[in-house]
Amino acid sequence: MGRVQLFEVRLNHGRVVYSPGEPLVGAVRVRLGAPLPFRAIRVTCTGSCRVSNKANDSAWVVEESYFNSALSLADKGSLPAGEHSFPFQFLLPATAPTSFEGPFGKIVHQVRATIDTPRFSKDHQCSRVFYILSPLNLNSIPDIEQPNVASTTKKFSYKLVKTGSVVLTASTDLRGYVVGQVLRLQADIENQSGKDTSPVVASLLQKVSYKAKRWIYDVRTIAEVEGAGVKAWRRAQWQEQVLVPALPQSALPGCSLIHVDYYLQVSLKQPEAVVTLPVFIGNIAVNHVPLSPRPGPGLVVPSAPPQEEAEAVASGPHFFSDPVSLSTKSHSQQQQPHAALGSVPHGAPEPRPQDGSPAPHPLPPPLCISTGATVPYFAEGSGGPVPTSSTLILPPEYSSWGYPYEAPPSYEQSCGGVDPGLTPGS
């Protein structure tokens, strides 16, 4: 079996998730089949961010270090055969960023132990990765309680003939959500033309920005729902719900190389109309009631049609005073057997009820988190966080793009007046 039969780093109580400013306590365990001379036994605790130009490439072009502490556990000597334990303790910095792992970069925190042997002998090394969660309190984000509404007016042309315009207005009940919370969407569409619109599509998008030699954007569709189109000269209202799956939190305070943003995009293909609502994903839910209710049909104020379309609008049929309700055609969050929030099966988020009512389960516990694009962790019951069996936290219906495709607008561009620490430096 060799001289060194066991060499490992163990953290107290088997913990994997820690908070900034918290002590990290553990021990280095060694089991020897024969005496082992050594020059030193050391343990280091490091935290860093690494970014690459290519997806899933280990050749890092930019690296940022957050902490690097070392301890000497034993000086020059010889370890007799048998088992040995060397305890250690590190104090994690209060500014350490949340762990993250994505295709173009990652934020990694780990403990590494080394047995430095005499000359011409093989050194022995082992390591243990742990995760840091720096909770994002949604209530600390400026204007988080403000209504989340966006609207656009687009001309509707069919075979080069202008037939009128379409007003698309989208709103959500909140600007920020936590994992397991229901995002309630309302879209109001006023078709001021003689042609039917295409189906309306709502997508929850994740944009991860990586700062290498230039900014790289990885954009993914987390969830997508499609509603029916709107008939000519009709006004319609579409209400839907999206259950927020296990996702990394918005922004990564303390890290200048990786930034995470979320958007809800509502669009029509005919006519080509898009509205984008910035959305925050955090760890502590918004505790404020929105200042005003979401806009209903009575609050939608469409802009006047262009002058050349005025006659077509005037000669067309009158709008119905009451808007019709659009049905949902498809939803990427398919119905599945209800599962406990602490164990999301196969990376799929929990479905919404068929009757459209809010999800019946309570909000997740405070430590219910996702530490990155492929490594989710959850708190189950009163115990500590444990890894789930999932290898992906995104539904299978997603697509991704790297640069040079244009990314969605930043929160600052969409709303203005946001804390610069929450937006990428591009």
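Start by selecting Phe 104: at 11% relative accessibility it counts as buried (buried means under 20% relative accessible area, exposed over 50%, partly exposed in between, with a 1.4 Å probe and protein chains only). What you have open is a predicted model, in which local features need pLDDT of at least 70 and side-chain atom pairs count only at pLDDT 80 or more, while totals for chains, interfaces and linings use all residues. Residues are numbered from 1 along each chain as its sequence is written, and side-chain values use heavy atoms, leaving out hydrogens and water.

Phe 104 sits in the loop between β9 (100-102) and β10 (105-116), and Tyr 210 in strand β16, 106 residues apart. Tyr 210 is buried, with a relative accessible area of 0%.

Stay on that strand and pick Ser 203, which is also found in β16 (residues 200-211). Ser 203 is buried at 6% relative accessibility. Leaving aside residues up to four places away in sequence, Ser 203 touches Thr 221, Ala 223, Glu 224, Tyr 263, Leu 264 and Gln 265 (a contact means heavy atoms within 4.5 Å). With Glu 224 there is a side-chain to side-chain polar contact of 3.1 Å (a pair of N or O atoms within 3.5 Å; within protein, one must be able to donate a hydrogen and the other to accept it, and residues adjacent in sequence count only if both atoms are side-chain atoms). Show Ser 332 as well: its C-alpha atom is 9.6 Å from that of Ser 203, though the two are 129 residues apart along the chain.

Next, the charged pairs. The whole structure holds twelve salt bridges (a side-chain nitrogen of Lys or Arg within 4 Å of a carboxyl oxygen of Asp or Glu). Select Arg 29 and Glu 83, whose side chains form one of 2.9 Å, N to O. Arg 29 lies in strand β3 (residues 23-32) and Glu 83 in strand β8 (residues 82-91), so the pair ties together parts 54 residues apart in sequence. Widen the view to Glu 8, Arg 10 and Arg 31, which belong with Arg 29 and Glu 83 to a network of salt bridges.

Two further bridges are worth a click. Asp 218 and Arg 220 have their closest N and O atoms 3.0 Å apart, and both residues are buried. Arg 50 and Glu 63 meet at 3.5 Å, N to O; here Arg 50 is partly exposed at 24% and Glu 63 is exposed at 53%.

Finally, zoom out and colour by pLDDT (the predictor's confidence in each residue, from 0 to 100). The chain averages 77, and 69% of the residues score at least 70. Over residues 335-407 the pLDDT is below 50, and this stretch has 149 contacts in the model beyond near neighbours in sequence. In cartoon view, look for two helices and 26 strands (DSSP runs numbered from the N terminus: helices are H or I of at least four residues, strands E of at least two). Of the 426 residues, 51% count as buried.
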